[in-house]
Amino acid sequence: MQVIKEYVQRWYESGLDPDEYVCHRKQGNLVDISDADTGEKRTVLTFCTNDVLGLVQCEAVKQAAIDAILQYGTSNSSTSVLSGRITLHQQLEDEISAFKHLPHTQLFLNAWMAMQAMMDAFCHQAIPVPGFQNTRETLILTDVLNHGCIVSAVVNAGTRSGKVFSHSPQVRVKPYRHCDVEDLRRKLQRYARPSDRILVVSDAVFSMDGDIAPLPDMLNVLHHYEGSVLLMDEAHASGALGATGRGIYEHFGILPSQAIERGVAPLIMTTFSKFAASAGAAISTHVAELKPLLNVSPTSIGTISLSPPLAAAALESIRQVRQRPELVQKLQENTRYLRSRLAEHDFVAIGETNVVPVILPSEINPKIFARQLMHNYGIWVSPIWFIAKPRLRITANALHSREEMDRLVAGMVATRDLFYKPTLSA
């Protein structure tokens with residue numbers, strides 16, 4: 001334990017620890033918070049929530065969660081395959097399937113569990129079946145900037161429970177350059193063998209860069225590998241991309257059925273913590289047989305099922321999105337406005353979505369910048385300084401007014417002027 005103590009002390013001395021805040025109350029985008037260290041309280045305007053459509057405080061969503069507690073209680077107290085499956089689970093799976101245009105959906109407690117279940121089910125088919133032997137190796141191609149839940153799942157894909165407790169074939173994992181379809185093509189040509197089961201996995205919207213995976217071009221590459229599988233993590237795409245918020249396929253004017261027609265099996269992971277005012281995740285597919293495999297994966301059979309209020313909140317949120325496409329349109333309008341205002345003031349905002357990463361001059365510490373923005377202007381943004389290239393990670397949502405976005409930009413300009421004095425060339 002002494003090593004741990006020394007490590008954490010060095011970590012704090014290096015300034016790598018985040019500023020932490022405790023939320024006491026929310027009203028729209030105004031949040032009452034206190035500093036976790038000092039207890040100092042303030043009301044701030046937030047631009048760091050992932051509640052992109054503002055449904056966390058929607059009355060219909062809150063009432064659905066309350067009603068679920070009154071009907072089922074706070075927990076199902078069991079795994080889904082034993083006694084933990086309730087009507088809300090089936091309704092939520094059906095709603096997601098309709099929303100994503102894929103007929104079979106399996107729920108999970110979170111994206112990490114969903115991704116790990118997918119690797120176990122696809123690569124290892126871990127339940128021993130008399131007379132059946134899985135002999136085909138799996139080749140996984142993953143974007144180098146994929147989310148941590150994907151990274152964790154793929155790096156452990158060769159040692160998931162199916163590999164530990166049986167003799168399933170090897171899993172080979174190869175990264176490809178960020179959103180670089182030509183590199184994806186080269187890696188497939190170099191590493192794919194005729195008997196391989198091929199899985200390509202990518203974020204739809206990248207959580208630290210705010211850009212969008214080149215789905216049409218990826219399908220063009222995978223079309224040459226009959227039976228290949230494309231898994232898209234739509235955590236930041238659901239509710240944000242496409243005219244009605246259905247995600248990356250709608251954004252590009254494609255249906256999953258068109259991928260199937262081209263010999264590519266589309267898988268979509270939907271998460272509820274951004275657009276659906278809840279927690280949890282789901283994987284959708286057109287292959288009915290994949291669902292029972294996912295259902296008995298260790299991250300499903302080994303833990304409790306999604307609780308009634310969380311399932312009900314997600315279900316009602318998706319229904320709200322389907323009934324009110326103007327929420328999605330407002331989010332997209334706010335995204336365009338905020339990005340344009342930042343550009344007017346010479347901020348480098350990369351990407352193209354409501355996830356707006358702002359790259360600051362190298363001499364400015366994002367953590368200090370965000371702290372001053374909060375203390376001086378009452379605005380809360382997320383500084384990123386140790387898990388990616390230093391930046392501010394700003395998220396626009398459907399509840400922001402233009403006045404609030406103008407207030408953000410004005411505060412950022414003033415804070416930049418405080419810290420940054422560029423050298424004028426002769």
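Trainee: Which helix gives the most to the lining of the largest pocket?

Mentor: Keep in mind that this is a predicted model. For a pocket, look at which elements supply its lining. Here helix 16 gives the most, with four residues. Helix 16 (366–377) and strand 14 (382–384) each supply at least two residues of that lining.

Trainee: What is the volume of the largest pocket, and which residues are closest to its centre?

Mentor: The volume is about 440 Å³. The lining has 20 residues, and P18, V381, S382, P383 and I384 are the closest to the centre. Then sort the lining by class: 13 residues are nonpolar, two are polar and five are charged.

Trainee: How many cavities of 30 Å³ or more does the structure hold?

Mentor: A cavity differs from a pocket in that a probe fits but cannot get out. The structure holds two cavities of 30 Å³ or more.

Trainee: What lines the largest cavity?

Mentor: It is lined by 16 residues, and S80, L107, S300, S305 and L306 lie nearest its centre. Helix 4 (87–100), strand 4 (104–108) and helix 13 each supply at least two lining residues. Strand 4 has the largest share, with three. By class, the lining has six nonpolar, eight polar and two charged residues.

Trainee: Take S305 from that list. Is S305 buried or exposed?

Mentor: For a single residue, read its place, its accessibility and its partners in turn. S305 is found in the loop between helix 13 (298–301) and helix 14 (308–323). S305 counts as buried because its relative accessibility is 8%, and the cut-off for buried is under 20%.

Trainee: Which partners does S305 have?

Mentor: Its side chain reaches the backbone oxygen of G84 at 2.6 Å. Leaving aside neighbours within four places in sequence, S305 is in contact with N76, S78, T79, S80, G84, H89 and L109.

Trainee: Which residues line the second largest cavity?

Mentor: The lining is made up of D143, Y176, C179, D180, V181, S202, A213, P214 and M218. Six of these are nonpolar, one is polar and two are charged.

Trainee: Where is P214 placed, and what does P214 contact?

Mentor: P214 sits in the loop between strand 7 (197–203) and helix 9 (215–222). With a relative accessible area of 17%, P214 is buried. Beyond neighbours within four places in sequence, P214 is in contact with C179 and V181. Both of these residues also line the second largest cavity. For distance in sequence against distance in space, take P214 and F252: they are 38 residues apart in sequence and 9.1 Å apart from C-alpha to C-alpha.

Trainee: How should I read a helix, and which residues of helix 15 are buried?

Mentor: An α-helix has 3.6 residues a turn, so residues three or four places apart point the same way. In helix 15, the buried residues are L327, V328, L331, N334, T335, Y337, L338, R339, R341 and L342. They pack against helix 14, strand 11 (348–349), strand 12 (355–359), strand 15 (391–395) and helix 17 (402–419).

Trainee: What span does helix 15 reach, and what comes just after helix 15?

Mentor: Helix 15 (residues 325–344) has 20 residues and reaches 29 Å from first C-alpha to last, close to the 28 Å expected. Just after helix 15, D346 takes a positive phi of about 65°.

Key:
Residues are numbered from 1 along each chain as its sequence is written. This is a predicted model: local features need pLDDT of at least 70, side-chain atom pairs count only at pLDDT 80 or more; totals for chains, interfaces and linings use all residues. Side-chain values use heavy atoms; hydrogens and water are left out. Buried means under 20% relative accessible area, exposed over 50%, partly exposed in between (1.4 Å probe, protein chains only). A polar contact is a pair of N or O atoms within 3.5 Å; within protein, one must be able to donate a hydrogen and the other to accept it, and residues adjacent in sequence count only if both atoms are side-chain atoms. Contact means heavy atoms within 4.5 Å. The expected span of a helix is 1.5 Å times one less than its number of residues. On a 1 Å grid over the protein atoms alone, a cavity is a set of points where a 1.4 Å probe fits but cannot get out, and a pocket is an open set with protein on both sides within 12 Å along at least five of seven lines; lining residues have an atom within 4 Å of a point. Grid points are joined across faces, edges and corners, and a volume is the space filled by probe spheres set on the points. Ala, Val, Leu, Ile, Met, Phe, Trp, Tyr, Cys and Pro count as nonpolar, Asp, Glu, Lys and Arg as charged, and the others, Gly among them, as polar.
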